[in-house]
Amino acid sequence: MNCRCPAAAEILAFGLAAALASCARQDSGRPAADSPHRSVLRISQRNEPGSLDPALAALPDDLFVIRALGEGLVAPGAGAGKGATASAVPAAAERWEVSADGHLWTFHLRPEGRWSNGEAVTAADFVASYRRALDPATASPKATLFFEVRNAEAIATGRLSDFSQVGFRAQDSQTLVIDLAAPSPHFLDHAAAGCWIPVNPRVVARFGRSWTRPGHYVGNGPFVLEEWRPHQRIAVRRNRFYARAARVGLERIDFVAFDDGNTEDAAFRSSEVDVTMAIPFSKIEPYERERPLEFHETLLAETRFLTFNTTHAPLDDLRVRKALSMALDRRRLARISGSLEAFRIAPPALRPEAEPGALLVEDVPEARRLLAEAGYPEGRGLRTMELSSWVRSDVLEAIQQMWRDRLHVGVALAAARDARVHIAALRSGRYDIGFITAIPDVPDSADLLRRFTTGASDNYAQWSDASYDALVAAVARERSAAGQGSAATAAERRLLGEMPVTPIYFNRKHWLMSPAVRGWFEDVVWNRSYLDLRWVRP
């Protein structure tokens, strides 16, 4: 098959936004709030980026800024409808061809592509970037997103040292050839992921780890890094060397930090920020009713769930885990959060409509029976466990009450902690029950399910099941959407049958945006594009 892909118009926040930032401050140098000719857009940023290096970025919060500074071969594409996902669109590559057997992808870079220092962007730069990302010494948290490429997994895991055996080859300065281990219907979605954004190898070699500082940062995106005041503001300005300059409608974007949702809301109402990350729950209905032009919502491909530490008693007992899961009222929890109840891990956007919507049940009498069978009738003899999170919320208090009232099980709520501290505690096994979120890196159910396989960094439950691992591997081998959906459901049945985790709700994002902003794009896995983004006269 020979595909020529035409040019096209072009994700706590994250859910792990734990109010890390200081109060936003208005910049006296920005245009007046009511000016119809504004060229600066101010976007709320709840979580301080951990890194602006594409190879080291771990959370959507990092990529919100990185995607303004660089672009990969392709970029996430806008869906046909609200909340939809779609195939990737051309970015640094203007077109590509696929071999008849689906193994070889040949990408043709834009000849006018430039780094923000004026150097030409070359295929060799992409190869060097991917070599660096796959180097075990780099420890890229998203290296698995390259593993569809021949020998990429072997090089990243240290089983292979000769990078020339990996399926990346610069055919000439403007042509990059990628050889896949096997044909994949989701390859372009993977190539659109943030870790595929290139870095300038000469700049990295010169400055080392400090290359991401203002004044050092060189990218190939529509903006350049101008300022980074931690927990206050990150400013990016228009890149004068960017190849598609006509599609950059802003002179500057300010990513402004706020210390909580109410402060963010007040800043929006006083015209100190133009796009918020969220809306305080108590204000969702009033905003939807009274300010519909500013109110926006979308159902994300993001699952909020509980992870059980299966290495600790009593959570090493499947009966206890099932009892805790069955005793929850997910519809009530979803109403509290303004989201959609979840009876399976994979969100609606990542599964075919023909697949079942529920893979678990709520049954309080059965939960009590299982708890008694495990040796804890009416909760007697069960130690007080701790439920930890990155945020203290009404949802957690409701879960605590449900377990107390329905099972006579006592659970203590840990103090809310920084998002990255919370994740580190989960990964090290220093918890009992953790409230956490899963956001796929790509709109692919296999990417989500892979997180619970043996040894996966996001397998916080420390759970291992060979049958589940084999079922997830089978998902990746499927070549049709229907086949993959069926295989994913089989894997998910096994996961929820063993219950190392239990889903609570699918997150729904509510946010505010000035009606004078046009061209905003953010997909269901929190990917953004800042092309075609502009102000219009109200």
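The model is predicted, with local features requiring pLDDT of at least 70, side-chain atom pairs counted only at pLDDT 80 or more, and totals for chains, interfaces and linings using all residues. Residues are numbered from 1 along each chain as its sequence is written, and side-chain values use heavy atoms, without hydrogens and water.

Helices are DSSP runs (H or I, at least four residues) numbered from the N terminus. Helix 11 has 14 residues and reaches 19 Å from its first C-alpha to its last, close to the expected 20 Å (1.5 Å times one less than the number of residues). Its buried residues (under 20% relative accessible area, 1.4 Å probe, protein chains only) include Val395, Ile399 and Trp403. His408 follows helix 11 and has a positive phi, near 60°.

The axes (lines fitted to C-alpha atoms over the stretch in contact, angles running from 0 to 180 degrees between N-to-C directions) of helices 10 and 11 come within 10 Å and cross at roughly 75°. Helix 10 is therefore roughly perpendicular to helix 11 (65 to 115 degrees). The table lists the residues that meet (heavy atoms within 4.5 Å).

| Helix | Range | Residues in the contact |
|---|---|---|
| Helix 10 | residues 364-373 | Val364, Ala367, Arg368, Leu371 |
| Helix 11 | residues 394-407 | Asp405, Arg406, Leu407 |

Key. Helices (H or I, at least four residues) and strands (E, at least two) are DSSP runs, numbered from the N terminus. Angles under 35 degrees count as roughly parallel, over 145 as roughly antiparallel, 65 to 115 as roughly perpendicular and the rest as oblique. Buried means under 20% relative accessible area, exposed over 50%, partly exposed in between (1.4 Å probe, protein chains only).
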